[in-house]
Amino acid sequence: MPLTPLDIHNKVFSKSFRGYDEDEVNEFLDQVIKDYEMVIREKRNLEDELKGLQERLGHFNNIEDTLNKSIVVAQEAAEEVKRNAQKEAKLIIREAEKNADRIVNEALSKARKIAIEIEDLKKQSKVFRNRFKMLIEAQLEMINSDDWNELLEYEVDSAELKSTDEDRVLNN
């Protein structure tokens with residue numbers, strides 16, 4: 001067990017014939033006691049300070065562990081978000097491609113229908129044109145026929161028609 005200041009203070013030396021000066025030894029021992037007490041106080045202070053620093057170090061180690069765990073969790077969450085975003089992007093792209101294919105197919109189908117309708121309209125316009133041409137040609141033939149000349153040459157006696165009309169009115 002280490003010496004204490006009290007041990008030093010209570011130490012009694014045996015007296016001998018040519019021994020040391022007692023006052024000098026006592027003064028020296030008093031000085032040793034003071035210095036030893038100061039060393040002990042400094043040691044206690046340093047031990048207290050060391051204990052406080054160790055506690056703080058433990059606290060900071062806990063914070064470091066917590067931060068490391070938080071960083072790992074944040075990285076994992078970021079990776080999960082990234083994976084989910086990539087999956088969602090792929091789904092969106094697939095949907096967009098399906099919609100694009102559907103739109104293109106619908107447009108092609110409509111274009112085919114319109115092309116068929118255009119061909120039908122062309123055929124109908126040719127038929128109409130031919131019929132109209134035949135009608136006009138028939139009308140021209142009628143106009144150019146000799147029947148018109150015969151009608152113009154045909155003479156009707158207007159006096160005879162007049163008397164026939166009067167007879168009919170009187171008889172009724």
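Trainee: Is R102 buried or exposed, or partly exposed?

Mentor: R102 is partly exposed, at 42% relative accessible area. Buried means under 20%, exposed over 50%, partly exposed in between (1.4 Å probe, protein chains only). This is a predicted model: local features need pLDDT of at least 70, side-chain atom pairs count only at pLDDT 80 or more, and totals for chains, interfaces and linings use all residues. Residues are numbered from 1 along each chain as its sequence is written, and side-chain values use heavy atoms, without hydrogens and water.

Trainee: Which residue forms a salt bridge with R102?

Mentor: Side chains of opposite charge can pair when their charged atoms come close. The cut-off here is a side-chain nitrogen of Lys or Arg within 4 Å of a carboxyl oxygen of Asp or Glu. R102 pairs with E106, closest N and O atoms 3.2 Å apart. E106 is partly exposed too, at 39%. Both lie in helix α2, four residues apart, about one turn. Helices are DSSP runs (H or I, at least four residues), numbered from the N terminus.

Trainee: How many salt bridges does the structure hold?

Mentor: Four. Among them, E80 meets R83 at 2.6 Å. These two are three residues apart in helix α2. K43 and E47 form another, at 3.3 Å, N to O.

Trainee: Which residues form the nonpolar surface patch?

Mentor: Patch members have over 30% relative accessible area and no salt bridge; nonpolar side chains (Val, Leu, Ile, Met, Phe, Trp, Tyr) are joined within 5 Å, like charges within 9 Å. Here they are F128, F132, L135, I136 and L140, with about 500 Å² of accessible area together. Areas follow Shrake-Rupley with a 1.4 Å probe; for residues, only the protein chains shown count as cover. F128 sits in helix α2 (residues 22-144) and is exposed, at 57%.
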